[in-house]
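Thanks for sending this one over. Here are a few notes to read alongside the model.

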Amino acid sequence: MDHTLVRPNLLILVCTYNERENLPLLFEQIQSVVPTAHLLVVDDNSPDQTGPWVEEQSRIDPRIHLIARPGKLGLGTAIRDGMKFGREHGYQWLINLDGDLSHDPRAILRMLREQNNCDIAIGSRYVPGGGMVGCSWRRIGVSRCANILARWIVGWPIRDCSSAYRMYRLDSLRAIQLDAMKETGYGYLEEILAHLIRSGAKIVELPIIYTERRQGKSKISLREARSTFSALLRCAQILKHQ
Ligand SMILES: Nc1nc2c(ncn2[C@@H]2O[C@H](COP(=O)(O)OP(=O)(O)O)[C@@H](O)[C@H]2O)c(=O)[nH]1
Ligand SMILES: [Mg+2]
C-alpha cells in the first residue's frame, strides 16, 4: 500500500527520552495494529540516539514523523507539541502512549471503538479489568495514592488521571490554549484533563494493563512526583471557575 496517498485521521504520538532500545518493537506493534495511522515521535535530544534512529525510519517510511527538540524540555511540553502537530496537520484523533512498551498497542483498537461515544478515552489502570504488572509496591502505592488524592482534592470522577495512554479528539482541544498551560512535566496530564472537563468534553475510561518497562530507566524524578500535588491544586482551581 502507498501510505503517502492516504491522509489518515489518526496520529499516534510517542514522546521519548532514551527509548532507543524500546522503539523498534513498539513501532512494529503499533503498525501491526493500525497500519495506516501516522506515527509521531517527539524526542528531546536523547543521549542514546533515539532521535537519529527515528529520523532514519522517517526517511524510509512516510507514516513516521519526528519532532526533534534541543534538550529535555519535559513530558508535558512534548505532548503539547504533539497535539499542536496533530491539529496543524489535519488529523482528527490523537492517541498518546509511552515509548517504553508499558502501554500495549492492542488497546488502541478498543479506544477507536469509542470514537462515537467520547471526546477523550483514558487507558485506565483503576477501572474493573485494569491493573499494573511487574511494578514495585512503591510504584503501585505512589500511583494509587496520587489518584485517590486527585479524586479527593479535585473531586472529579476520573479514576486514572495520571495515565498518559489516552485518545483525544483533536477538535475538543481547540477550546484550550495549549501554550497557556502551566505544567510542563507529568502534571500536564492532570492539567489538560481539568481544562477538558471544564470545556464540556466527554471522557470515558477503558481498562488497560500497565506493564513496567524492561529496558531503560523511568524519567520521573522525585521533584516531578512531588509536583503532582501542586498540579492537582491547580486543577481544583480550574474547575472551580467553570
Ligand atoms: N520528549 C520527552 N519525553 C519524555 C520526557 N520525560 C519522559 N519522557 C517519555 O515519556 C514516557 C514516560 O516516561 P517514563 O520515564 O517511562 O515515566 P514513568 O512511566 O512514569 O516511569 C517515556 O516514553 C519517556 O521516554 C521528556 O522530558 N521529554
Ligand atoms: Mg514508563
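How many nonpolar, polar and charged residues does the shell around ligand 1 have?

1. Please keep in mind that this is a predicted model. In the shell around ligand 1, six residues are nonpolar, five are polar and eight are charged.

2. Of the 19 residues around ligand 1, the ones that come nearest are Cys15, Ala78, Gly99, Ser218 and Lys219.

3. Seven strands form an open sheet in the order S3-S2-S1-S4-S7-S5-S8, with mixed pairing. Strand S3 (64-68) and strand S8 (203-207) are the edge strands, each pairing on one side only. On average, neighbouring strands of this sheet are turned by 20° against each other, direction ignored.

4. S1 and S2 run parallel and are joined by six bridges. Threonine 16 has aspartate 43, in S2, as its bridge partner.

5. H3 lies across S1, S2, S3 and strand S4 (93-96), and runs at about 155° to S1. With 14 residues, H3 reaches 20 Å from its first C-alpha to its last, close to the 20 Å expected at 1.5 Å a residue.

6. Which residues of H3 are buried? They are Leu75, Gly76, Thr77, Ala78, Ile79, Arg80, Gly82, Met83 and Gly86. The cover over the buried residues of H3 includes S1, S2, S4 and helix H6 (188-198).

Methods
Residues numbered from 1 in each chain as written. Chains lettered and ligands numbered in written order. Predicted model: local features only at pLDDT ≥ 70, side-chain atom pairs only at ≥ 80, totals over all residues. Near = placed C-beta within 6 Å. Nonpolar A, V, L, I, M, F, W, Y, C, P; charged D, E, K, R; others polar. Pairing = 2+ DSSP bridges. Helix = DSSP H or I, 4+ residues; strand = E, 2+ residues; numbered from the N terminus. Axes fitted to C-alpha atoms, helices over the stretch in contact; angles between N-to-C directions. Contact = placed C-beta atoms within 7 Å. Expected span 1.5 Å × (residues − 1). Buried ≥ 20, exposed ≤ 12 C-beta atoms within 10 Å, placed from the backbone.
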